[in-house]
Amino acid sequence: VQLVESGGGLVQPGGSLRLSCAASGVSLDYFAIGWFRQAPGKEREGVSAIIISSVGSNTYYADSVKGRFTISRDAAKNTTYLQMDSLKPEDTGVYYCAWTGRGSRHEILRPSSYDYWGQGTQVTVSS
């Protein structure tokens, strides 16, 4: 599995960014794509995830981003997006996407649930 993130950058507080995660090398009936972030000196934390199964998809969000971030997926492009609106300085960090073919929805925002990771993209929210 290969994951490539893009879309990071510098944005002012209140602004928006859309991150993309292009995946290749995987084809399963069940898998999840998660977005994580890591600020300097802090642990990596789960931001959002989408679980794809044969019956549809479900999305999950950390409390800190609910109502501001939206995860979505374009199956034809095998790409997952993270639309980030109303950005705050505390959203600053390196954002990673990750892939897993296991795990339950109860642990879907835990980094330990994921097997493959992208290289990360920097998001900086500052005036």
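Guide: A disulfide is a pair of cysteine sulfur atoms within 2.5 Å. Please keep in mind that this is a predicted model, where local features need pLDDT of at least 70, side-chain atom pairs count only at pLDDT 80 or more, and totals for chains, interfaces and linings use all residues. Residues are numbered from 1 along each chain as its sequence is written, and side-chain values use heavy atoms, with hydrogens and water left out.

Visitor: Which residues form a disulfide here?

Guide: Cys21 and Cys97 do, with sulfur atoms 2.1 Å apart. The pair links distant parts of the chain, 76 residues apart: Cys21 sits in strand E3 (residues 17–24) and Cys97 in strand E9 (residues 93–100). Strands (E, at least two residues) are DSSP runs, numbered from the N terminus. The link of Cys21 and Cys97 is right-handed, with 70° about the S-S bond.

Visitor: Is Cys21 buried or exposed?

Guide: Buried means under 20% relative accessible area, exposed over 50%, partly exposed in between (1.4 Å probe, protein chains only). Cys21 is buried, at 0%, and Cys97 is buried, also at 0%.

Visitor: How do I read a nonpolar core, and which residues touch the most other members of the largest one?

Guide: In soluble globular proteins, nonpolar side chains tend to be buried together. A nonpolar core is a set of buried Ala, Val, Leu, Ile, Met, Phe, Trp, Tyr and Cys residues joined through side-chain atoms within 4.5 Å. The largest has 24 residues, and Trp35, Phe69, Leu82, Met84 and Tyr95 touch the most other members. E3 gives the largest share, 4 residues. Apart from this core lies another, of 7 residues, including Phe36 and Ile108.
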